[in-house]
Amino acid sequence: MCGRYSLAAPGDTLAQLRSRFPLGESVEIRRRYNVCPGDEVVSVTTTREGEPRGDLLRWGLVPHWAQDPSVGYKMINARAETVAERPAFRDSFRGRRCLIIADGFYEWQKRPGRSKLPWHVTRSDGAPFAFAGLWAVWHGPNGEKLRTCTIITTEANSALTDIHPRMPVMLPGPDAERAWLDPGTPQHALHELLVPPPPVAIRRRAVGPAVNDPRNDGPECLADAPEEGTEPATLFS
C-alpha cells in the first residue's frame, strides 16, 4: 500500500529535479509534504513517439472504460504481481508507463491498543527518486478529460515488513527509469524492475500525527514522532 508520499526536498534539490528527471520547463513543481489520492502529481510520461515528457497527473487511475471517475480512488495502487493481467491496468502496463517523482512515502504501523504510528521512508541518501507508475486517459460523457495514474507496489523488504507487508516500487536510478519508460522494453524485463530495494538502500523515521490529516501539507508532517508517553490521547487513525 502507498497512500501518501512527499516531494518536500530543500529548495536547491527541488530546483535540480528538472535536471535529474526529464520534466521539461512547463510542469509546475511545488514542495509537497503530504501528497494524497486525488491530488495532481509530478510525473514523467511519454509522447506517441516514446519521448519522455513532464506531466501532471491525478493520482488514482481511471481506466478508459470506467463509467464514473470516482473509481480512481480505489486504484491508487496496482500490485506488481497482477499488473499485467488486471483489466484496469494491463493496457497501461503495455503502453502507458510513467515515473512519479517523490522523495519519500508514508506508511502506518498498527499498534495494539494504540493509534497507528506513521513512518516516513526515504532513500538512505535522501535523494529524490521515481515510483514505477502507470497512467491512463479517461473521456467523460460531457467532453471532460482526465489524465490519471497509479503507483505500483511490491512485497516490502525486510527493513519494512514490521510496518506493512507491501511497499511502492522505488526505481533504483536513471537506467531503470529509462527502461521503465521505453516502449521497447520487453515484458519480462519490466517485471524484473518491480522488486523492492535492498534494505540498506532505504531509511525510515517515525513522524508525528500531523500527516494523518490530508489537510496538512507543511513541514509539520515530517516532525519527529512524540516520545513515548507524551503523545496525545486521541490521534487520527
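Phe131 is found in strand E9; strands (E, at least two residues) and helices (H or I, at least four) are DSSP runs numbered from the N terminus. With a relative accessibility of 0%, Phe131 counts as buried, a term that stands for under 20% relative accessible area, whereas exposed stands for over 50% and partly exposed for values in between (1.4 Å probe, protein chains only). Its C-alpha lies 7.2 Å from that of Ala102, a residue 29 places away in sequence.

The model is predicted, so local features need pLDDT of at least 70 and side-chain atom pairs count only at pLDDT 80 or more, while totals for chains, interfaces and linings use all residues. Residues are numbered from 1 along each chain as its sequence is written, and side-chain values use heavy atoms, without hydrogens or water.

The chain has four helices and 13 strands. Its radius of gyration, taken over C-alpha atoms, is 18 Å, close to the 18 Å from the globule rule for 237 residues, so the chain is as compact as a globular protein of that length; the rule is 2.2 Å times the number of residues to the power 0.38. The C-alpha trace spans about 55 × 40 × 35 Å along its principal axes. Of the 237 residues, 51% are buried.

In soluble globular proteins, nonpolar side chains tend to be buried together. Here the largest nonpolar core has 33 residues, and Ile101, Ile152, Trp180 and Leu194 have the most contacts inside it. Such a core is a set of buried Ala, Val, Leu, Ile, Met, Phe, Trp, Tyr and Cys residues joined through side-chain atoms within 4.5 Å. At least two of its residues come from each of helix H1 (11–20), strand E3 (40–46), strand E6 (97–102), strand E9 (129–139), helix H3 (174–181) and helix H4 (187–193). E9 gives the largest share, four residues. A second, separate core has 27 residues, among them Val41, Trp59, Cys98 and Phe131.

Ile101 is in contact (heavy atoms within 4.5 Å) with residues including Tyr5, Leu17, Val42, Val44 and Phe129, leaving aside neighbours within four places in sequence.

Ala159 sits in the loop between strand E10 (145–155) and strand E11 (166–168). With a relative accessible area of 22%, Ala159 is partly exposed. Apart from residues up to four places away in sequence, Ala159 touches Pro199, Ile202 and Arg204. Val27 is 132 residues from Ala159 along the chain, and their C-alpha atoms are separated by 34 Å.
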